[in-house]
Amino acid sequence: MNDFDWSGKKILILGFGREGQSVLRFMKNKWPALEIGVADRKESAKLTREELGQLADVKMENRFFGESYLGHLREFDAIIRSPGINPRQKQIEQAKLSGVKMESATNLFFKYKKGRVIAVTGSKGKSTTASLIWQLLKTAGIKSELIGNIGKASLDYLANDEADITYVFEMSSYQLEDFRGGAEIAVLVSFFPEHLDYHGDLDSYFEAKMKLVAQPQPGFTVIYNAAQERLRDYFEKYARAFQGDIRVLPFNDKIGSGVETENGLLVARRSGKTIVREDQIKLQGRHNLENMLAVIRVAEILKIDDAVLVKALSEFSPLEHRLELVGQFKGITFYNDAISTTPESTMAAMEALVREKPVGTLIAGGLDRGYNFEAMAALIVKSKISNLILLPETGFKIEEAVKTLLKNLPQTGHPAPLLIHCQTMQDCAKEAYRVTPSGTICLLSCASPSYNLFKNFEERGKLFKDSVRNLASA
């Protein structure tokens with residue numbers, strides 16, 4: 001990246017969503033004379049007026065929209081690829097082999113930024129953890145911005161960039177796939193199977209995540225979840241390799257940092273001292289307190305007082321679609337956890353809520369990425385969930401896992417849940433009102449991606465909330 005001369009080059013922006021549009025603004029501002037092209041799977045007829053306005057300076061012959069958008073890659077000197085476009089596609093690999101320079105908005109940001117970066121990644125929990133860290137910085141009066149996968153596109157901030165800004169950058173594995181930059185602080189909150197259709201296999205997915213720490217500079221700090229076996233094994237070796245040059249700090253290691261039970265309450269503890277109790281915060285569940293252990297580590301590094309830390313943690317509200325309370329209607333408490341796209345995250349949601357009251361109905365299922373649902377089935381049975389409302393495709397796999405488990409268990413104490421298959425979120429909500437016992441919870445937490453039925457998890461969650469509220473007075 002450092003030795004590439006952009007001047008006089010013909011550049012293609014591959015992907016014209018939020019990040020691609022940000023790249024276009026950045027490139028036009030920094031190198032006004034560049035010849036720029038744009039390519040996107042979206043049909044040109046579906047471009048908004050705003051998108052068309054941003055394309056005003058892009059020549060018609062350099063606009064490639066629709067199914068054949070990958071057909072002109074080798075006509076350009078460099079391609080800036082949006083993270084959602086899989087780099088393993090044949091046309092992209094061929095362009096790379098032919099000598100076309102491959103770049104990303106994330107790498108450009110890290111090359112040109114002046115401020116400090118706290119980068120946060122993980123299979124789940126990264127959005128909440130990044131937002132908690134940002135809340136901490138704001139509460140402490142530190143000039144900061146939340147950017148990346150959850151905030152605004154990173155390149156948009158370079159226009160007002162200053163050395164005294166701290167960026168909290170939530171980074172997905174898609175953004176890390178070809179990452180060559182370096183943060184000042186890296187936080188890794190979790191790791192388990194996710195996005196395998198994009199990365200190819202679990203090892204490739206792990207390698208993408210670890211690119212966040214691949215180029216440590218003196219003073220670099222890594223904070224990682226030591227309760228995750230693969231992260232622990234990796235960073236114990238990593239710490240030995242870079243001993244003396246950087247700091248490698250575990251959290252959730254059950255020694256200096258952990259979540260424990262104290263007087264019937266879950267508490268986050270550091271070095272034997274309780275920092276925050278579950279009755280002081282608005283987030284629910286052990287997993288959220290474990291995320292807070294990472295934030296406690298950040299506070300230590302930045303020398304932020306405990307009183308400021310506790311104030312930040314206690315004032316933080318849950319993010320939308322993440323164990324979000326929809327409301328209580330007809331005696332049923334509805335929770336929207338549409339962000340949960342793996343069995344592990346759905347299990348964490350279930351375990352968080354059963355401390356409040358029984359989960360009467362679980363709505364689950366979605367795109368089949370080959371996940372194993374045996375552990376989730378065991379928790380469903382153990383929790384005595386009365387009803388499973390299941391969506392295609394994995395709804396059938398969840399049903400099979402539950403039935404197989406029950407077949408091998410003694411009958412006493414293990415009632416079989418009622419199994420209902422639905423095709424739409426509206427039907428899920430109708431069935432939830434019909435079967436969920438009063439005084440219990442109905443939880444939407446699908447344990448699977450949404451893309452077979454919905455645009456994304458946000459649409460899935462919004463449809464659930466709208467359907468629940470629309471039927472409340474029916």
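E393 sits in the loop that runs between β18 (387-390) and α14 (395-407). In this predicted model, a cis peptide bond joins P392 and E393, with omega at about 10 degrees. Most residues other than glycine have a negative phi, and most peptide bonds are trans.

**Positive phi**

K330 is a residue other than glycine with a positive phi, near 55 degrees. K330 belongs to the loop between β15 (324-329) and β16 (332-336). Its relative accessibility is 46%, so K330 counts as partly exposed. Buried means under 20% and exposed over 50%.

A447 lies in the loop between β20 (441-444) and α16. Is A447 buried or exposed? A447 is buried, with a relative accessible area of 0%.

K384 has a positive phi as well, near 55 degrees, and follows α13.

Which residues of α13 (residues 374-382) are buried? They are M376, A377, L379, I380 and V381. An α-helix has 3.6 residues a turn, so residues three or four places apart point the same way. The buried residues of α13 pack against α12 (343-353), β17 (359-364), β18 and α14.

M350 is part of α12. At 1% relative accessibility, M350 counts as buried. Neighbours within four places in sequence aside, M350 contacts L362, L379, I380, S383, I385 and L443. Two of these partners, L379 and I380, are among the buried residues of α13. Y371 is another matter: M350 and Y371 are 21 residues apart in sequence and 18 Å apart in space, C-alpha to C-alpha.

**Helix pairs**

Two packed helices are described by the angle between their axes and the distance between the axes. Two pairs are set out here.

| Helix pair | Angle | Axis distance |
|---|---|---|
| α15 (residues 425-435) and α16 (residues 457-471) | roughly 45 degrees | within 9 Å |
| α8 (residues 202-210) and α9 (residues 229-241) | about 55 degrees | 13 Å |

That angle makes α8 oblique to α9. The crossing of α8 past α9 is right-handed. From α8, the contact takes in L202, D203, F206 and M210; from α9, it takes in R230, L231, Y234 and F235. By class, the contact of α8 with α9 has 6 nonpolar, no polar and 2 charged residues.

α15 and α16 are therefore oblique to each other too. Their crossing is right-handed. On the α15 side, M425, Q426, A429, K430 and Y433 make the contact; on the α16 side, R460, L463, F464, S467, V468 and L471 do. This contact has 7 nonpolar, 2 polar and 2 charged residues.

**Nonpolar cores**

In soluble globular proteins, nonpolar side chains tend to be buried together. Here the largest nonpolar core has 53 residues. Which of its members touch the most others? They are W6, M27, F109, V213 and F235. F235 also takes part in the contact of α8 with α9.

F109 has partners well documented by contact: V117, I147, S154, L155, L158, Y167 and F169, leaving aside neighbours within four places in sequence. A second, separate core has 39 residues, including V120, L249, L289 and F316.

How values were computed: Residues numbered from 1 in each chain as written. Predicted model: local features only at pLDDT ≥ 70, side-chain atom pairs only at ≥ 80, totals over all residues. Heavy atoms only, no water. Axes fitted to C-alpha atoms, helices over the stretch in contact; angles between N-to-C directions. Helix = DSSP H or I, 4+ residues; strand = E, 2+ residues; numbered from the N terminus. Parallel < 35°, antiparallel > 145°, perpendicular 65-115°, else oblique. Left-handed = near helix turned anticlockwise from the far one by under 90°. Contact = heavy atoms within 4.5 Å. Nonpolar A, V, L, I, M, F, W, Y, C, P; charged D, E, K, R; others polar. Buried < 20%, exposed > 50% of the residue type's maximum accessible area, 1.4 Å probe, protein only. Core = buried A, V, L, I, M, F, W, Y, C linked by side-chain atoms within 4.5 Å.
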